[in-house]
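Please work through the exercises below with the sequence and the structure side by side, and try each task before reading its solution.

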Amino acid sequence: MEPRTDSATDAVAARLATRRTRSLLRCGALAGPIFIAVVVIQMATREGFDLARHPISLLAAGHGGWVQAANFVLAGVLAFTSAFGIARAIPTGPGRRWAPLLVGVFGVGLVIGGVFPAGAALGFPPGTPDGIPSEVEFPAVLHAVAPPIAFTAIVIAALVVGRRLATEDRRVAAGLTIAVAVIGYALSLPFGPAASIRLFIGIALVFGWLTWWTSSLARSAGAADLSR
């Protein structure tokens, strides 16, 4: 048997690196669908929960709240993991530093939001007084800060990626990406009617964008691998 040449060894290493990159990117693609699916199931099964009154963070309160807390953590870990795949997939060009960093911040914020869940409020779980408690515990304070920072990070990431797509002359993708960022942020503003419903739609929108983008990067990496 002839010894493997250096070029053949390099090709194998490149293929393995591509597969690792695609696996990391798929974590980002899965984060949103899993998070939204678990939230929807809980909204349908948790007694007393009303999206018109209650933000989805309150699902982490009371009996069974561990499900939503774990949901935050899992989505955060998947998003954070995908940041490494993004960094590998776009080593050059606009957004090469900021896009993975902001997606990583998004993931960390979600993890913190799960480790430090929201407290009972607004009549949920059933038996909880209406309104916001006069005394808010420390975990709820952290939860009130971390997820909004995470959401802001992913919105800015979408703007950064939108600019990158524009420089690649992918105008439709760039326009849609920027639209997702602007609309998602507008929906998340905590005032006006149906704030909790708007926030949930905004979260689903940006998670859907992250799924699309990381899947797109994974497909591009796979196509490059096949061309070798």
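The model is predicted, with pLDDT of at least 70 required for local features and 80 or more for side-chain atom pairs, while totals for chains, interfaces and linings use all residues. Residues are numbered from 1 along each chain as its sequence is written, and side-chain values use heavy atoms, with hydrogens and water left out.

**Exercise 1. Locate Arg 164, and decide whether Arg 164 is buried or exposed.**

Step one is to find the element: Arg 164 belongs to helix H4, which covers residues 138–167. Helices here are DSSP runs of H or I with at least four residues, strands are runs of E with at least two, and both are numbered from the N terminus.

Step two is to read the accessibility, where buried means under 20% relative accessible area, exposed means over 50%, and partly exposed lies in between, with a 1.4 Å probe and protein chains only. Arg 164 has a relative accessible area of 11%, and therefore counts as buried.

Step three is to list the partners, taking contact as heavy atoms within 4.5 Å. Once neighbours within four places in sequence are left aside, Arg 164 is in contact with Ile 90, Thr 92, Gly 93, Pro 94 and Arg 96.

**Exercise 2. Describe the largest pocket by its volume and its lining.**

Rolling a probe the size of a water molecule over the atoms shows where empty space is left. On a 1 Å grid over the protein atoms alone, a cavity is a set of points where a 1.4 Å probe fits but cannot get out, whereas a pocket is an open set with protein on both sides within 12 Å along at least five of seven lines, and lining residues have an atom within 4 Å of a point. Grid points are joined across faces, edges and corners, and the volume is the space filled by probe spheres set on the points.

First, the volume of the largest pocket is about 1,000 Å³. Next, 39 residues line the largest pocket, and the closest to its centre are Pro 55, Ser 57, Ala 144, Pro 148 and Leu 199.

Then come the elements: helix H3 (98–115), H4, helix H5 (171–188) and helix H6 (195–226) each supply at least two residues of the lining, and H4 gives the most, with nine residues.

Last, the lining is sorted by class, with Ala, Val, Leu, Ile, Met, Phe, Trp, Tyr, Cys and Pro counted as nonpolar, Asp, Glu, Lys and Arg as charged, and the others, Gly among them, as polar.

**Exercise 3. Examine the backbone at Leu 122, at Pro 125 and at Asp 169.**

Begin in the loop between H3 and H4, where Leu 122 is found. Phi of Leu 122 is near 55 degrees, a positive value in a residue other than glycine, and Leu 122 is partly exposed at a relative accessible area of 23%.

Pro 125 also lies in the loop between H3 and H4, and the peptide bond that leads from Phe 124 to Pro 125 is cis, with omega near 0 degrees.

Finish in the loop between H4 and H5, which holds Asp 169. Here phi is near 65 degrees, again positive in a residue other than glycine, and Asp 169 counts as exposed, at 53% relative accessibility.

**Exercise 4. How many aromatic pairs are there, and how is the pair of Phe 35 and Phe 72 arranged?**

Rings of Phe, Tyr and Trp (its six-membered ring) pair if their centres lie within 6.5 Å, and planes under 30 degrees apart count as stacked, over 60 as edge-to-face and the rest as tilted. The count by this rule is seven aromatic pairs.

In one of them, Phe 35 and Phe 72 are edge-to-face, at 5.3 Å centre to centre and with 65 degrees between the planes. This pair links distant parts of the chain, since Phe 35 is in helix H1 (residues 6–45) and Phe 72 in helix H2 (residues 65–89), 37 residues apart. Both Phe 35 and Phe 72 are buried.

**Exercise 5. Find where Val 73 lies and which residues Val 73 is in contact with.**

Val 73 is part of helix H2 and is partly exposed, with a relative accessible area of 25%. Leaving aside neighbours within four places in sequence, its contacts are Leu 110, Val 111, Gly 114 and Val 115.
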